[in-house]
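Subject: Structure handover

Hi,

Here is the structure we talked about. Please open it first, then read my notes below.

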Amino acid sequence: MINSRFFNRSELLGFLALAVLLFLILPLSLDIFRLNLVAKYLTYAFVGIGLVLCWGYGGILSLGQGVFFGLGGYCMAMYLKLEASSVANTKIQSTPGIPDFMDWNQLTALPFFWKPFHSFPITLLAILLVPAFFALIIGAAMFKRRVGGVYFAIITQAIAAILTILIVGQQGYTGGINGITDLRTLHGWDIRTDHAKFILYFVEVVLLFGCIVAAQFIRLTKLGRILVAMREQEDRVRFSGYSVANFKIFAFCAAAVFAAIGGAMFTLEVGFMSPSFVGIVPSIEMVIYTAVGGRMSIFGAVWGALLVNFAKTSLSESFPQLWLFGLGALFIAVVLAFPNGLSGIWADHVQPRIDRLLASRKSKSAAGMIADGAPAE
Amino acid sequence: MFGDYSISDLGAILAMQGFAGLILFSVYVLMALGLAIIFGQMGVINMAHGEFMILGAYVTWMTSNAVQHTAPWLFPGYFFIAMILAFIASGALGMLVEWALIRHLYKRPLDTLLATWGLSLILQQAYRSIFGAREVGVELPEWMMGSWQATDSIQIPINGMFVMALTILITIVVFYILFWSSWGKQVRAVVQNRVMAGAVGINTEKVDRYTFGLGCGIAGIAGSAFTMIGSTGPTAGQLYIVDTFLVVVFGGAASLFGTIASAFSISQTQSTLEFFLSGSMAKVITLLTIVAILMVRPQGLFALKVRK
């Protein structure tokens, strides 16, 4: 029985290794600045997990995950911004009580779509529902008409471009190119202190493991198998009577929700949100993390996000010139030589050796037992 | 929206915006032609297409500098030399890339997208290291500057007209190559049925390499033309790549005629809207319209019927 256990042995090991790393090793060994950086990297892991489901399993390459990351992030940022621009904080403005960038752009009243974000529960709901709804519309429009593959990728990329241009252009409503900055408190709790960052890191890791479990659940159910079947032979699945479009829409929406959670956590960790995390370049970078980690592996996506971003930070700190060369070369190498990324290398090269090592030790000890047992007979 | 303008003013505005749209149209067509050959004919998503274009632009810039320093008497005509050099440089790089990268990925179109994105990052950084991060602009020869006064209120810049003439010429040449030359027939045969084309004796690998080179070379010419109406920076190519892909997809991927029709409608819509709205809103509305139309008609305006 394949399905009888939620994680098989190597997956369980991967799960535990990741848990030990994220819950124990990193918080104990890193200072708060670096830990906050790790938290920032991990926000991309949420997107990566979504992409594993939608791209690795479903075969739907979305180049617009930045849209959902951004929507989640902006929802959170709008709530935080409204809290930061209370009447008391903004009394020097010509219209107190609205965010500062609106005041600079001669807006005198809060736009209607900002109003719901006064409430924390509605914000939390919006973080999940707005991107899901958005993904539902895009997905329904495209998959019902059997747009897929390359065309889907290009159209989602165009949507990422559209949203970026819209956010930058509508400065009065969105904060423009600078984004929504100067965020202070979450429900009255100051998020800028080191202590808050420490706690937020753990909140994020817990959420991340929640998403991992959810993704693993989706992967193991019949739904996950249909996704794989669709990726391999879409027509046969359709002829077998499944509604291919609906499954694709579901995978796309799930990926969008994961990305949005990542985006919301990003806003909390980093303290601002701007269109530079929405557009084409960040969206493709998110795909890069997933590809490097392994598009078929949920844990691989987390490792990919961590390692690529770690390499990015350390390389661009010391050799800013080399970083783009390195990233480009990494990407070409992953696509050409290791289509299954790091997890593929692990599964193909490292895992068999470990198994062989363990197996030979076991057989040796078994042989030893026989040898020991023989004289006693 | 129309209240403040008289009829003749509106006519002049429409004519001038229409012309601005035509220049945009020319740039789109030049970029999209190369991409239509690579994406439409070969099915390769070349995200580095913009960088091939920028290579052409840098070649033009270098030629203009070299000609100014060594042979100033050649300066009025340097542009033609530059264009040929741009075509050769981009085409050669394209063939090299096809040999090293693309030919391994024909069966995995989505992966060509990722690999060429990596290539575009490398090329961008290479341009930045070699030519510097600042934007460069070429000096135009005297005969290209100034504008032609059509009527009292309508002015048409000469470099724009030159770019348009160039676009028409290149389009004709591309159509000739693809639809009348025997090599073009081979290309189309490979597109429609690769196995069968190989079976009747066409060297499909060679055809692939030259087709990719041709597409990239045209991108180089597009970059060369681009220097005449704008300045060139290391990341300028990325600004156009999404637009160009939309032009090709909107026109119907395999149809060159569709590419031209869609470049025309997109550029005209955008430049006309730009006058009445802000630039960014014009772009948003144009792109949204394209995406909406593509959702209704995913195969684009002109679809080629091929058996899959």
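A word on terms before the chains: two residues count as in contact if their C-beta atoms, placed from the backbone, lie within 7 Å. Please also keep in mind that this is a predicted model.

**Where the chains meet**

On that cut-off, 35 residues of chain A are in contact with 32 residues of chain B. Four elements of chain A give two or more residues each to the side that touches chain B: helix 5 (120-143), helix 6 (149-169), helix 12 (280-293) and helix 14 (320-337). Helix 6 of chain A makes the largest contribution, with 15 residues. What kinds of residue make up the side of chain A that touches chain B? They divide into 29 nonpolar, five polar and one charged.

Chain A averages a pLDDT of 86, and 95% of the residues score at least 70. Which elements of chain A have the lowest and the highest mean pLDDT? Helix 15 (residues 341-376) of chain A has the lowest, at 70. Helix 11 (residues 244-270) of chain A has the highest, at 93. Look with care at residues 370-377 of chain A, where pLDDT stays under 50. The model has zero contacts beyond four places in sequence for that stretch.

**Loops in chain A**

Start with the loop between helix 4 (100-104) and helix 5 of chain A, where Gln106(A) sits. Gln106(A) is not a glycine, yet has a positive phi of about 60°. Is Gln106(A) buried or exposed? There are 9 other C-beta atoms within 10 Å of Gln106(A), and 12 or fewer counts as exposed, so Gln106(A) is exposed.

Thr108(A) lies in that loop between helix 4 and helix 5 too. Thr108(A) also has 9 other C-beta atoms within 10 Å and is exposed. The C-alpha atoms of Thr108(A) and Pro96(A) are separated by 8.9 Å, and the two residues are 12 residues apart along the chain.

Now go to the loop between strand 1 (185-186) and strand 2 (189-190) of chain A, which holds His187(A). His187(A) is another non-glycine with a positive phi, here about 55°. His187(A) is exposed, with 10 other C-beta atoms within 10 Å.

**A kinked helix in chain B**

Helix 9 (residues 236-251) of chain B has 16 residues. From its first C-alpha to its last, helix 9 of chain B reaches 24 Å, close to the 22 Å expected at 1.5 Å a residue. Where is its kink centred? The kink, of about 30°, is centred on Val242(B). Helix 9 of chain B is mostly covered, with 15 of its 16 residues buried. Gly252(B) follows helix 9 of chain B and has a positive phi, near 95°.

Best wishes

Terms used:
Residues numbered from 1 in each chain as written. Chains lettered and ligands numbered in written order. Predicted model: local features only at pLDDT ≥ 70, side-chain atom pairs only at ≥ 80, totals over all residues. Nonpolar A, V, L, I, M, F, W, Y, C, P; charged D, E, K, R; others polar. Buried ≥ 20, exposed ≤ 12 C-beta atoms within 10 Å, placed from the backbone. Expected span 1.5 Å × (residues − 1). Bend = angle between axes of the 7 residues up to and from the residue. pLDDT = per-residue confidence, 0-100.
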